[in-house]
Amino acid sequence: MHAIAMKQLRSQVGKNLMRRTLRCWSVHPIMQGSVQATEPIRKFTATIPRNSGFIDYDGVPSSTCNVINDHANQPQTSVSLQALMRTGRGEFLHKSFDEEKLDNDQHTATELVLIQVASFLRRELPIRLAHRVRDLEGVPLMKDMGSVKQVKELYIKSLLELAEFDKNIETAEQEERFSRLVESIYERHSSVLVQMARGAYEFRNHVAKEKGNERDTFAKMEETHAFLDRFYLCRIGIRVLIGQYLALRQPPVDNYVGIICSVTSPYEIVKRAIDDAAFMCTRKYGDAPEVIMSGRLDLTFPYVPTHLHYIMLELLKNSMRATVEWHGVDGDFPPIKVIIADGNDNEDVVIKVSDEGGGIPRSNMKKIWSYLFTTADPSIQEGMVGVNSNAAVDHGIDSPLAGLGYGLPISRSYCRYFGGDLSIMSMEGFGTDCFVYLARLVAGAEKYSAIIGFQLKWKVVRESRFPSKAWICWLPMSSIQKRLALIEQ
């Protein structure tokens with residue numbers, strides 16, 4: 001009887017949870033063109049368990065801990081690619097300024113846009129930085145690595161600088177001062193990628209030296225990888241927001257709204273990535289395979305060109321390296337093929353990169369997405385983590401063909417940030433196919449909702465059987481309704 005009663009109780013809880021979720025989400029796509037937080041975002045964030053309350057951060061004064069906790073307990077506001085473009089064009093000025101101020105000649109439209117964006121960043125950036133500080137404080141073992149502690153100190157410093165700035169930005173002079181502060185933070189954080197890579201390298205060495213239980217070691221690795229995936233995705237969001245704001249302050253460039261190009265050409269970007277990858281491959285091996293492009297070479301769509309270039313450079317240099325090493329430096333290299341696919345009704349712009357570089361063993365397929373796995377020579381890894389942090393940048397052509405093993409997981413994060421994805425299919429003994437999915441912008445309402453950078457069609461938050469756990473499921477509404485019908489039965 002007890003077992004039957006528990007089963008009925010779990011069934012009723014499931015029904016109530018699904019109904020509540022549908023009420024919250026079935027009629028509320030997030031971010032219908034506004035950079036302001038909407039009610040569904042607040043509802044969604046409120047359902048995710050957070051470490052609310054006071055957290056005592058290691059080596060941080062209590063007054064600073066208060067500032068961090070105050071901001072970390074506030075929800076982040078998601079921003080879509082379309083919202084960034086429309087805000088940069090001044091389409092949402094009426095949301096921040098009344099008609100009298102808009103008609104006043106005291107400020108130009110550009111100044112009002114910059115004041116609006118600066119005001120949003122003044123509120124949003126401290127929250128995002130505080131979330132990252134809390135994340136850095138909570139990751140087991142890795143938080144004790146020296147490089148990770150330095151990153152945490154860097155984030156705390158930037159958070160305090162922003163928190164001390166004027167809360168309300170209303171004049172061009174305030175906006176100018178804020179831009180200088182944000183630019184210094186942007187430059188200061190450019191080395192974080194290499195610093196965190198150094199921390200991961202230290203963590204790998206630490207785990208390797210420990211003679212602990214294999215299951216415990218695996219759990220630590222899994223938790224650390226999840227943390228790094230989350231950290232880098234959120235870091236991309238911070239750098240996109242700051243980069244967009246700083247780009248809006250520069251003289252206008254045709255077809256650009258900040259860092260977003262409204263007529264991004266995959267063909268042109270892939271061509272530049274081919275040149276860069278061929279340069280790196282030739283520098284290493286003395287030669288490089290040919291790359292053949294086909295498909296929709298005339299295609300253009302709104303995107304961030306620097307993101308797409310990074311993704312394509314990583315995939316092409318991996319393909320070139322695999323092809324040369326598989327066939328031998330003195331062999332005949334089969335060409336690498338790049339296909340750009342798109343149609344008027346396509347959900348995504350898809351770019352396929354195919355090589356005949358011997359493929360990847362099936363046992364390594366999961367590892368290629370790990371920040372803790374690399375095929376690079378240990379001496380190269382040591383050289384990479386030994387780079388002067390002040391001289392290090394996010395990415396460039398100065399790094400070796402195989403470095404820290406960050407290329408693929410970071411590329412996937414760039415794809416996923418605006419609702420796309422990156423997948424790899426490999427045939428060991430022959431070659432590898434990489435598929436880049438880039439979410440398209442439609443002219444009307446957005447195709448995807450957004451939360452912390454992800455744009456996915458509909459979201460349902462489901463609690464697990466463990467009170468401290470929660471996960472996010474991305475399901476089409478038709479699928480949700482079918483599951484609800486099954487529950488009702």
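Guide: Gladly! A residue is called buried under 20% relative accessible area, exposed over 50%, and partly exposed in between (1.4 Å probe, protein chains only). This is a predicted model, in which local features need pLDDT of at least 70 and side-chain atom pairs count only at pLDDT 80 or more, while totals for chains, interfaces and linings use all residues. Residues are numbered from 1 along each chain as its sequence is written, and side-chain values use heavy atoms, with hydrogens and water left out.

A200 belongs to helix α10, which covers residues 192-209; helices (H or I, at least four residues) and strands (E, at least two) are DSSP runs, numbered from the N terminus. Leaving aside residues up to four places away in sequence, A200 is in contact (heavy atoms within 4.5 Å) with M142, L228, L372 and Y406. The C-alpha atom of H225, 25 residues along the chain from A200, lies 9.4 Å from that of A200.

Two of those names lead us onward: M142 and L228, together with M196 and L316, touch the most other members of the largest nonpolar core, which has 110 residues. Such a core is a set of buried Ala, Val, Leu, Ile, Met, Phe, Trp, Tyr and Cys residues joined through side-chain atoms within 4.5 Å. Helix α11 (residues 214-248) gives the most to this core, contributing 13 residues. As for L316, its contacts beyond four places in sequence are V270, A273, I274, A277, V291, I336, V338 and V353.

Next comes helix α13, running over residues 305-327. Its 23 residues, at 1.5 Å a residue, should span 33 Å, and its end C-alpha atoms are 32 Å apart, which agrees; the expected span is 1.5 Å times one less than the number of residues. Helix α13 is mostly covered, with 17 of its 23 residues buried. After α13 comes G328, which has a positive phi near 90°.

Now look at an open, antiparallel sheet of 3 strands, ordered β1-β2-β4. β1 (256-257) and β4 (301-303) are its edge strands, each pairing on one side only. Strands count as paired if DSSP finds at least two bridges between them. β1 and β2 are joined by 2 bridges, and Y256 has C261 of β2 as its bridge partner. The hairpin of β1 and β2 has 2 residues between the strands, and there G258 takes a positive phi near 70°. On the other pairing, β2 (residues 260-264) meets β4 over 2 bridges, again antiparallel. In β4, C261 is partnered with Y303 and T264 with F301.

What about the cysteines? C281 is buried, because its relative accessible area is 0%; C415 is buried as well, with 0%. A search of the whole structure for disulfides (cysteine sulfur atoms within 2.5 Å) finds 0.

Finally, step back to the whole protein. It holds 16 helices and 12 strands, and 49% of its 489 residues count as buried. Among its contacts with a separation of 6 or more, 74% link residues 24 or more positions apart.
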